[in-house]
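Dear colleague,

Please find below the sequence and the structure that I am handing over to you. My account of what was found follows directly after them.

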Amino acid sequence: MSAPEYRTALGASTPETITLLGSDLARDVMGSVGFGELAFWLAAQRRPTPGETRVFEAVLAALADHGFTPTAIVTRLTYLSAPDSVQGALAAGLLGGGSRFLGVTEDCGRFLHDVLAAADGLPTDDAGWDALALETVTARRAAGRFVPGLGHHVHKDGDPRTPRLFAIAAEEGVAGPHLALFAAIGRVHPQVLGRTLPLNGAGVCGAALADLGLPLELLRGFALLARTAGLIGQLAEELRHPVANDVFLSVDRNNRSVAPDPYVPDPLGG
């Protein structure tokens, strides 16, 4: 009976060599390929162009850290509770990457892709993109649903990451239909919503990653890859200038006992 075969184009080893993506790891990758380029290469199994690498690494920089977000706070608090488990602290922060923080990158990329896939041909000018965007935002409003990537809890008047990533993608010639649709949403949504909201950094990152042709199912993974570096930075700062214990004591010393508030389920049958 023949032995099973497990095929992979990623890492493989013999007693003498290690190959990665068809290249000799020690000779051809180490010291020659940057980590951002390698991360792209691993996911797409094709080596990115220099322009694609620049945009991809700009996305990683944009998502690495955004201050005392819940992901950063829980990482610091977990480290306070279990300083012997750096991996636990990092995992705690990464597990908080969801629909409100970090997950918007994937949500926006998928949303834009779905709109483009359903369109009867892609627009060829700004007027066409604006018409598609207006139809899209109007439909989301009618359905009572938010537009992913629209709005930010801090940057009310504009997320500084957004125009910068648009500019980098344009400079490198990799701005595609996802970014075009996202930009059009930014232009037309006030006509539907009656107010102007910023296109947020997580959303533009999702649009840029989708234009790079990376798997939509992994867009949140790239956000988490970026945030891992940020969380390591949070832990490094916590070691030197700790704040987690102050956060814990602030809550612990200021909690107040109140009467129970029993849960009442919604009535059945109307």
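This is a predicted model: local features need pLDDT of at least 70, side-chain atom pairs count only at pLDDT 80 or more; totals for chains, interfaces and linings use all residues.

Leu-21 is buried, because its relative accessible area is 13% and the limit for a buried residue is 20%. The residue sits in the loop that runs between strand E2 (18-20) and strand E3 (23-24).

Gln-45 belongs to the loop between H2 and H3. Is Gln-45 buried or partly exposed? With 46% relative accessibility, Gln-45 counts as partly exposed.

I turn now to the protein as a whole. Its secondary structure comes to 12 helices and three strands. Of the 270 residues in the protein, 40% are buried. The C-alpha trace spans about 65 × 55 × 50 Å along its principal axes. The accessible surface comes to about 15600 Å², and 57% of that surface belongs to carbon and sulfur atoms. Among contacts between residues at least 6 apart in sequence, 72% join residues at least 24 apart.

Helix H2 (residues 35-44) and helix H3 (residues 50-63) have axes that come within 9 Å and cross at roughly 100 degrees. Angles from 65 to 115 degrees count as roughly perpendicular, and H2 and H3 are therefore roughly perpendicular to each other. On the H2 side, the contact is made by Gly-36, Glu-37, Ala-39 and Phe-40, while H3 contributes Glu-52, Thr-53, Phe-56, Glu-57 and Leu-60. By class, the residues of this contact divide into four nonpolar, two polar and three charged.

H3 also packs against helix H8 (residues 161-171), at an angle of about 170 degrees and with the axes 9 Å apart. An angle over 145 degrees counts as roughly antiparallel, and H3 and H8 are therefore roughly antiparallel to each other. From H3, the contact involves Arg-54, Val-55, Ala-58, Val-59, Ala-62 and Leu-63; from H8, it involves Arg-161, Arg-164, Leu-165, Ile-168, Ala-169 and Glu-171. Here the residues divide into eight nonpolar, no polar and four charged.

The remaining pair consists of helix H7 (residues 126-142) and helix H9 (residues 177-193), whose axes come within 7 Å and cross at roughly 60 degrees. That angle makes H7 oblique to H9. The crossing of H7 and H9 is right-handed. In H7, the residues that meet H9 are Asp-126, Trp-129, Asp-130, Leu-132, Ala-133, Leu-134, Val-137, Thr-138 and Arg-141. Their partners in H9 are Pro-177, Ala-180, Leu-181, Ala-184, Ile-185, Arg-187, Val-188, His-189, Gln-191, Val-192 and Leu-193. By class, the contact of H7 with H9 has 13 nonpolar, three polar and four charged residues.

One residue of this contact can be followed further. Which residues does Arg-187 touch, not counting residues up to four places away in sequence? They are Asp-126, Trp-129 and Asp-130. Arg-187 is found in helix H9, and it is partly exposed, with a relative accessible area of 39%. Arg-187 and Asp-159 are 28 residues apart in sequence, and their C-alpha atoms are 15 Å apart in space.

Two other residues complete this account. Arg-145 is found in the loop between H7 and H8. At 53% relative accessibility, Arg-145 counts as exposed, because the limit is over 50%. Arg-145 and Phe-182 are 37 residues apart in sequence and 17 Å apart in space, C-alpha to C-alpha.

Ala-92 lies in helix H5 (residues 86-95). Leaving aside residues up to four places away in sequence, Ala-92 touches Val-74 and Thr-78. Ala-92 and Thr-53 are 39 residues apart in sequence, and the distance between them is 29 Å, C-alpha to C-alpha. Thr-53 is one of the H3 residues in the contact with H2.

With kind regards

Notes: Residues are numbered from 1 along each chain as its sequence is written. Side-chain values use heavy atoms; hydrogens and water are left out. Axes are lines fitted to C-alpha atoms, for helices over the stretch in contact, and angles run from 0 to 180 degrees between N-to-C directions. Helices (H or I, at least four residues) and strands (E, at least two) are DSSP runs, numbered from the N terminus. Angles under 35 degrees count as roughly parallel, over 145 as roughly antiparallel, 65 to 115 as roughly perpendicular and the rest as oblique. A crossing is left-handed if the near helix is turned anticlockwise from the far one by less than a right angle, and right-handed if clockwise. Contact means heavy atoms within 4.5 Å. Ala, Val, Leu, Ile, Met, Phe, Trp, Tyr, Cys and Pro count as nonpolar, Asp, Glu, Lys and Arg as charged, and the others, Gly among them, as polar. Buried means under 20% relative accessible area, exposed over 50%, partly exposed in between (1.4 Å probe, protein chains only). Accessible areas come from the Shrake-Rupley method with a 1.4 Å probe; for residues, only the protein chains shown count as cover.
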